6 protein chains.
Amino acid sequence: MRRAVYPGSFDPVTNGHLDVIERAARQYDEVLVAIAHNEAKTGLFTFEERVALLREAVQQHPNVQVTQFQGLLVDYARSVQAQVILRGLRAVSDFEYEFQMALMNRKLDSDVETMFLMPKEEYTYLSSRLVKEIARLGGDIGAFVPDCIARALRAKFAATDSAPSRKP
Amino acid sequence: MRRAVYPGSFDPVTNGHLDVIERAARQYDEVLVAIAHNEAKTGLFTFEERVALLREAVQQHPNVQVTQFQGLLVDYARSVQAQVILRGLRAVSDFEYEFQMALMNRKLDSDVETMFLMPKEEYTYLSSRLVKEIARLGGDIGAFVPDCIARALRAKFAATDSAPSRKP
Amino acid sequence: MRRAVYPGSFDPVTNGHLDVIERAARQYDEVLVAIAHNEAKTGLFTFEERVALLREAVQQHPNVQVTQFQGLLVDYARSVQAQVILRGLRAVSDFEYEFQMALMNRKLDSDVETMFLMPKEEYTYLSSRLVKEIARLGGDIGAFVPDCIARALRAKFAATDSAPSRKP
Amino acid sequence: MRRAVYPGSFDPVTNGHLDVIERAARQYDEVLVAIAHNEAKTGLFTFEERVALLREAVQQHPNVQVTQFQGLLVDYARSVQAQVILRGLRAVSDFEYEFQMALMNRKLDSDVETMFLMPKEEYTYLSSRLVKEIARLGGDIGAFVPDCIARALRAKFAATDSAPSRKP
Amino acid sequence: MRRAVYPGSFDPVTNGHLDVIERAARQYDEVLVAIAHNEAKTGLFTFEERVALLREAVQQHPNVQVTQFQGLLVDYARSVQAQVILRGLRAVSDFEYEFQMALMNRKLDSDVETMFLMPKEEYTYLSSRLVKEIARLGGDIGAFVPDCIARALRAKFAATDSAPSRKP
Amino acid sequence: MRRAVYPGSFDPVTNGHLDVIERAARQYDEVLVAIAHNEAKTGLFTFEERVALLREAVQQHPNVQVTQFQGLLVDYARSVQAQVILRGLRAVSDFEYEFQMALMNRKLDSDVETMFLMPKEEYTYLSSRLVKEIARLGGDIGAFVPDCIARALRAKFAATDSAPSRKP
């Protein structure tokens, strides 16, 4: 049983993440998409919303599960008996940060190996941050996220936009 | 009529920006220096101050106009019939961010092309953030920004410095 | 009349180069695709073959001309009254080399500006060197170069492959 | 008398910093480890704690002194008659930021030279930020910081963790 | 049965390669270390020597086999029913080249996935080229390659060194 | 007595190298500019020419000596009792190569420290290779190298150019 953990904050999941998840689902018996639960860091979507949206986005993959973790990623990986941490690599700046994290995680637990794969080149430019920015400015995000996320983003920013008008 | 948009936050404009603007003014019939209006992000200078300072700094270029935009940059470029978005490239870290933005903008509107040019190598180290930091610490910024900006920075930090002394 | 020079060795031209050429053709009144004539450096294709193949590949663009140059690029650009040298940027390693060349060319002639643009992200991985290597190993290069180049590459390597068998 | 300044925020000092300090202590007659005093930026440790912890960590080096500075680094370097600013280089992202700072400092005072050295490769992945994050999550940081810092980090996060439980 | 191909020229294998091989042997049921057979490119060691040295270096791993391939790597991977191509990543420059190769291989065969892992940080600086250069200059390479390779390198350069003295 | 070695091939020395040498001469009691003697690698200038040109270029610095070395750089540094190897850093690509060399040299001899400094930003684009290429193409290299080198380059290429005409 080969089990891999794909950690992230997924605020929200993009087509780039989903491309990595699909590739991982073909490589490993089980893929745990693990949302980091960080109380100090609030996102656009609540933790519960992110779990629900991610579940909807990956439901067609029977060997992919959406989970969560608190504390150290290596402790979580060990607790679920995963041998591998998966990460997508898109750009040089990714590379240095990921290198640092992978080496640090190896120091903390040498039994868990970080493996990297590359998303489709058309997703190289994608990031959750950029997608949120475009959605906030009213741009069309249909090509960047699955439908359920696009709907959720539109709903989120529609609510936000109307909020100020209520103020006066 | 070839019209280019040079977007930024210009908080404040530096000699590096002005070098790009001068090169652009020689290349295009009209250059619109477009300040991004972002309510969520307050700068050292107010939006109105940045517009006024930028106008003063570029007044010797008859084909350069200072404008502003809200929303998506590509929508703005289209609305002013600009075929080109201009960006300066200084370093590798610039490159990756700019690459990401240019590819995303191309997805959003394939008719607007992002073109890059390089400022003079002596401006490679310059950034609005660094200039503000040096001004805040009382350093001489005369070599990094035009005179009108240097005066405005000194005035801004003189006001800030005296403020705490009034408090007690 | 805005004229741009797009220099290279084009041994052979790839879909990545053609993407840059098409974008340039929309931006400038005239684009001169200028093959560097370097006697010291022999390519897979002869200089004459490269000119002929490039002409075939760009024939649908009325404002694109295939030319050649010897000596310094800035001298050539000046001699044909081009205000701009165009270069495609794909990756960080490109960036540093191109930065170096652009700054050096500016030192040699400050009137010619180097402008950069980005090819489609699906051509990020493409290079003449890689295409030749794949063709040499018998791989399918149909997705990487125009048809006329694919045929020429196959002919070139068919000739090369049969050559050794004739020797004894 | 060759005197070097090694500036930083040291919140807290890591084994990577100490490796640079030890190398510097062998190279220069006197090394001033200078903690930047920035009122606007609060760290995990107070300024006074950082001074005390750093003093404990470097006490075995007779030619290393822990100091502080406010204002511009080059002004401080000049005031203590240091000819050299020392910086550690670990990664490409370090490099660009450090390059920018070094060139800016040279503009501000051409008499002070920035010299770079590389920490041991096993400290490439280390940063104060990462160490704090791991300590916050309860991970073992014994391999990344000296004992006095490990104790201080544990005490700091023990205090922080118990704080919320006291609230209700 | 999960089978991975680890391709390279291994002229000669270093401790950095062996670190990747050991990590791979723990991850996959079978690891094929595949030496590229390139007639046009002669190395320090002949192809046959490289096969023999590599076999000696990996003999303690029962699920690692030393093989060879000609032609396209993806064709070889498919012919041996490997789902994965493995590559080590050490530095930013590696990253860009590897990214290019991985994307190109995906275009050629989308069923084979390239997975990356990171060697121990102490092997970041290692390369076959550097090891050969140091051995050529008489330096001690004992820390960089396994014993069998160290002996072979010494023998190779002893032979080369004595050669000129025989000439006159 | 603090002695630094500044190694290179200096084929030929450029203003960028001289900028590093001048900075080094202010930092160290003695600077040995050490030309690597590599029989396998022939340059544009012979080893003897490079020594002579470098001596002429640095003659105004009483504490700078031009020397040569064969074999490992760390062995040479130790033999001349230098505590430091000096290298200039210009760009990211420099950085990775230099990082690799510095770490390898540290493995070979941990007593010699590699220190890096940055040349003036206007020399960022300079390299011996580029200067030779421009000189070969008849460009003006007066801004890139000292006068003695400019004369030598012109003489070298004048000789080379006329050579073919003598052949028939």
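Q: What makes a residue pair count as a polar contact across the interface of chain D and chain F, and how many are there?
A: The rule finds 11 residue pairs in polar contact across the interface of chain D and chain F, both residues at pLDDT 80 or more. A polar contact is a pair of N or O atoms within 3.5 Å; within protein, one must be able to donate a hydrogen and the other to accept it, and residues adjacent in sequence count only if both atoms are side-chain atoms. On the chain D side, the elements that give two or more residues are helix 1 (15-27), strand 4, helix 4 and strand 5 (113-117). Helix 4 of chain D provides the largest share, 8 residues. Helices (H or I, at least four residues) and strands (E, at least two) are DSSP runs, numbered from the N terminus.

Q: How do you know what pLDDT has to do with it?
A: This is a predicted model, where local features need pLDDT of at least 70 and side-chain atom pairs count only at pLDDT 80 or more, while totals for chains, interfaces and linings use all residues; side-chain values use heavy atoms, with hydrogens and water left out. Residues are numbered from 1 along each chain as its sequence is written, and chains are lettered from A and ligands numbered from 1 in the order in which they are written.

Q: How many residues of chain D and chain F are in contact, and what area do the chains bury?
A: 29 residues of chain D are in contact (heavy atoms within 4.5 Å) with 29 residues of chain F. The two chains bury about 2,600 Å² between them, 59% of it on carbon and sulfur atoms. Buried area is the accessible area (1.4 Å probe) that two parts lose on being put together, summed over both. In chain D, D:Gln27, D:Phe95 and D:Met118 lose the most area to chain F, together 26% of what that side buries.

Q: Why is the pair F:Lys107 and D:Glu121 called a salt bridge?
A: A salt bridge is a side-chain nitrogen of Lys or Arg within 4 Å of a carboxyl oxygen of Asp or Glu. The closest N and O atoms of F:Lys107 and D:Glu121 are 3.3 Å apart, so the pair qualifies.

Q: What makes D:Glu98 buried, and which residue is its salt-bridge partner?
A: D:Glu98 has 6% relative accessibility, so it counts as buried; buried means under 20% relative accessible area, exposed over 50%, partly exposed in between (1.4 Å probe, protein chains only). D:Glu98 forms a salt bridge with D:Arg87, the closest N and O atoms being 2.6 Å apart. D:Arg87 lies in strand 4 (residues 84-88) of chain D and D:Glu98 in helix 4 (residues 92-108), so the pair ties together parts that are 11 residues apart in sequence.

Q: Why is the relation of chain A to chain E that of a two-fold axis?
A: Chain A can be laid on chain E with an RMSD of 0.0 Å by a turn of 180° and a shift of 0.0 Å along the axis. That is the relation of a two-fold axis. Copies are superposed by least squares on the C-alpha atoms of residues with pLDDT of at least 70 in both. A:Phe116 comes closest to the rotation axis of the residues of chain A, at 2.4 Å (C-alpha).

Q: Which salt bridge joins A:Arg23 to chain E?
A: The side chains of A:Arg23 and E:Glu113 meet in a salt bridge (3.2 Å, N to O). The rule finds 4 salt bridges across the interface of chain A and chain E.
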